[in-house]
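Please keep the sequence and the model in view while reading.

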Amino acid sequence: MYEQFLYFWFVWIIFIIVAFFMKNGKKRSFLLFWILLLIFISQTYVTIGAIQFSFAYFVLLIGSIIFFIQHSLSWYNLMVAFCVVIGYVSLLIWEKITPIWFFMPSFFQIPVLIVMIVLLLAQSYDSQITSAILGLILGRIIFELLLIVYRLHDVVGEETFFIHISLTVLFIIVVRLMQSITSKIANFFRRKLI
């Protein structure tokens, strides 16, 4: 229940940011529709065999692939997403094996580490968001399949995954905002000094 509350809270914050701070256009309309669809179907699960799949997981995967193709990002960005996959899967395995090593809640620590990876490797804002989302989605499916092989799990796309995605996107937005504010302050002081 706690995870579900956090997920809805973070996703509504992202919705408000997209609705009120993005320029009007196809990209904004697509993102608003995508976010509202994810909120609407977040509790819908599809059972295939003995495994439950979150329907929102598939919508998120398809939307991120469309977003990736739409921006025609390069192979480099695909490699950044692959690095995110490796980092995310290793952090999830680390959390599963020794949860005591996490010095803060994992729903907060994992997105911070993923954002650090993405910010170091990707340059543009769109490539950061897209690589992070695609990498988290593919990393989660690999982790869930590993657990399913060992019969430790039978649900793909839990609420903690959606918290990781929403917090990662929020952190990237916050970092981008901080970069914008510091560059405006630096430009202001540069103009005043010259």
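Helices H6 and H7 are roughly antiparallel to each other, because their axes cross at roughly 165 degrees and angles over 145 degrees count as roughly antiparallel. The model is a predicted one. The points below begin with this helix pair, then turn to the sheet and to the chain as a whole.

**The helix pair H6 and H7**

- Helix H6 covers residues 125–149 and helix H7 covers residues 159–193; their axes come within 10 Å of each other.
- The crossing of the two helices, H6 and H7, has a right-handed sense.
- On the H6 side, the contact is made by Tyr-125, Gln-128, Ile-129, Ala-132, Ile-133, Leu-136, Ile-137 and Arg-140.
- Eleven of the residues in the contact of H6 with H7 are nonpolar, four are polar and two are charged.

**The sheet**

- Three strands form an open sheet in the order S1-S2-S3, and the pairing is mixed.
- Strands S1 (45–48) and S3 (155–156) are the edge strands; each has a single partner strand, so one side of each has no neighbour in the sheet.
- S1 pairs with strand S2 (residues 51–54) in the antiparallel sense, over four bridges.
- Within this pairing, Ile-48 has Ile-51 of S2 as its bridge partner, and Thr-47 stands opposite Gln-52 of S2.
- Two residues lie between the strands in the hairpin of S1 and S2, where Gly-49 adopts a positive phi near 70 degrees.
- The pairing of S2 with S3 is parallel and runs over two bridges.
- Gln-52 also has a bridge partner in S3, namely Val-155.

**The chain as a whole**

- The protein chain contains seven helices and three strands.
- Read from the N terminus, the elements follow the order α-α-β-β-α-α-α-α-β-α.
- The radius of gyration of the protein chain is 18 Å, close to the 16 Å that the globule rule gives for 194 residues, so the chain is as compact as a globular protein of that length.
- Along the principal axes, the C-alpha atoms of the protein chain fill a box of roughly 70 × 40 × 35 Å.

Terms used: Residues are numbered from 1 along each chain as its sequence is written. This is a predicted model: local features need pLDDT of at least 70, side-chain atom pairs count only at pLDDT 80 or more; totals for chains, interfaces and linings use all residues. Side-chain values use heavy atoms; hydrogens and water are left out. Axes are lines fitted to C-alpha atoms, for helices over the stretch in contact, and angles run from 0 to 180 degrees between N-to-C directions. Angles under 35 degrees count as roughly parallel, over 145 as roughly antiparallel, 65 to 115 as roughly perpendicular and the rest as oblique. A crossing is left-handed if the near helix is turned anticlockwise from the far one by less than a right angle, and right-handed if clockwise. Contact means heavy atoms within 4.5 Å. Ala, Val, Leu, Ile, Met, Phe, Trp, Tyr, Cys and Pro count as nonpolar, Asp, Glu, Lys and Arg as charged, and the others, Gly among them, as polar. Two strands pair if DSSP finds at least two bridges between them. The radius of gyration is taken over C-alpha atoms; the globule rule is 2.2 Å times the number of residues to the power 0.38.
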